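We will go from the whole chain down to single side chains.

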Amino acid sequence: MVDLDSGAVLAVAAEPAAAAPPAGDAAAQAERLARLARRAAVRETLLPLVLPVPAPLLTVGPEPFTLVEHGLRRAGRRPRDVTLMVGPELRDLPPEPLLRGIAHLREAGFRCALGTASVAPDVLLRIAPFVFRVDPAYVAGIPGDERLTAVVEGLARIGRGSGIFPLAAGVATVTQLMALRRAGVRLAEGPFFADDAWTPGERVAPLPDAALVSTAPGLDVGPRVSEFVVPAVTMGEATTAEEVLEAFGADEALTSVILVDGRERPVASLDRARFLLAVTGPYGHALHAKRPAARLADPPRTVARDVPAMAALRAAGAGQERVYDDLIAVNEFGQCAGVVRVGDLIRSLARE
């Protein structure tokens, strides 16, 4: 679960490894949830957990959640750090049994989340979950389908008005991510951020600068970032400082080196001036040459390649310490598509 403002990972969803027990076997269901929590707690000891709960379990009574609570405490987890995500089949349950089940869940100390937004608005407001999941089918259609875009915007407005956080599921592209930001959605999950091999503690894909979704007058006109993109020099995350030094030495016009992960997504950037200052200073080569260059890198400043150049320039000016750092243009999958030199933007827009 990623914060679309900061790019931080806020929680980790535990995925079941096997088929669920029969819906009527409440004890087996509760034990399965406890095992799932224990397994997740071994891999992630700090971030909050999100556990999937079959909706029919809510109709059994408080006993399953008491069992889950005991199992979590044995694993060193407190219920208040765990959100139970009720499965999408909750839309098939009558409202009153559903509400009673949610009350039992909360009495045990858990946070409540809904695994779908396809519930009646009055039921959503009566439950008042911490989070509700915007179905991947909605997210997949934005921003191209105006009907689905309107649905997502409406869900975001309901969330803002009621203090509930919508969670966009299945985010796969930069275009979807930026449409979600414009709609007011601030939490998301999906393959854009990480692949199936991701484990807690690893990086997720960096997000385009939030300033690029500004609706200020004049930012959506003029040339696009794609007109200013030049090829980037990219290297792997494990690249040493000595290898980066060789790249800068071989090309005096090179202003930055971009470190990318296995999927060609930028994870860090090395500005020529700051890097050379660190490496060529007193004892710099001895301290850094054989070590990973990432130690001297800055977080990547990424922009979607189809955004207006004026918006990109405004985003570049938002951070005073790195105003003239190269911006990294990314494609719809968050992969590095080249770099944009801020000086090129200034010269071009000054002529407009």
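Buried area is the accessible area (1.4 Å probe) that two parts lose on being put together, summed over both. This is a predicted model, so local features need pLDDT of at least 70 and side-chain atom pairs count only at pLDDT 80 or more, while totals for chains, interfaces and linings use all residues. Residues are numbered from 1 along each chain as its sequence is written, and side-chain values use heavy atoms, with hydrogens and water left out.

**Stop 1: two domains**

Select 2–213, then 225–350. These are domain 1 and domain 2, with bounds from an automatic or database domain assignment. Their C-alpha centres lie 35 Å apart. Contact means heavy atoms within 4.5 Å. Domain 1 gives 18 residues to the contact, and domain 2 gives 19 residues. About 1400 Å² is buried between them, and carbon and sulfur atoms give 60% of that area.

**Stop 2: helix H6**

Select residues 146–162. This is helix H6, with 17 residues. Helices (H or I, at least four residues) and strands (E, at least two) are DSSP runs, numbered from the N terminus. The expected span is 1.5 Å times one less than the number of residues. For H6 that is 24 Å, and the end C-alpha atoms are 24 Å apart, which agrees.

Which residues of H6 are buried? Colour Thr-149, Val-152, Leu-155, Ala-156 and Gly-159. Buried means under 20% relative accessible area, exposed over 50%, partly exposed in between (1.4 Å probe, protein chains only). Look down the axis of H6: the buried residues fall within an arc of 125 degrees, so they line one face. That arc is taken from the directions from the helix axis to the C-beta atoms. They pack against strand S6, helix H5, strand S7 and helix H7. On the other side of H6, Glu-146, Arg-147, Arg-157 and Gly-161 are exposed.

**Stop 3: Phe-193**

Go to the loop between strands S8 and S9, where Phe-193 lies. Phe-193 has 3% relative accessibility, so it counts as buried. Beyond neighbours within four places in sequence, its contacts include Val-2, Leu-177 and Arg-265.

**Stop 4: Asp-261**

Move to the loop between strands S10 and S11 and select Asp-261. At 12% relative accessibility, Asp-261 is buried too. Now show Arg-265: its side chain makes a polar contact with the side chain of Asp-261 (2.8 Å). A polar contact is a pair of N or O atoms within 3.5 Å; within protein, one must be able to donate a hydrogen and the other to accept it, and residues adjacent in sequence count only if both atoms are side-chain atoms.
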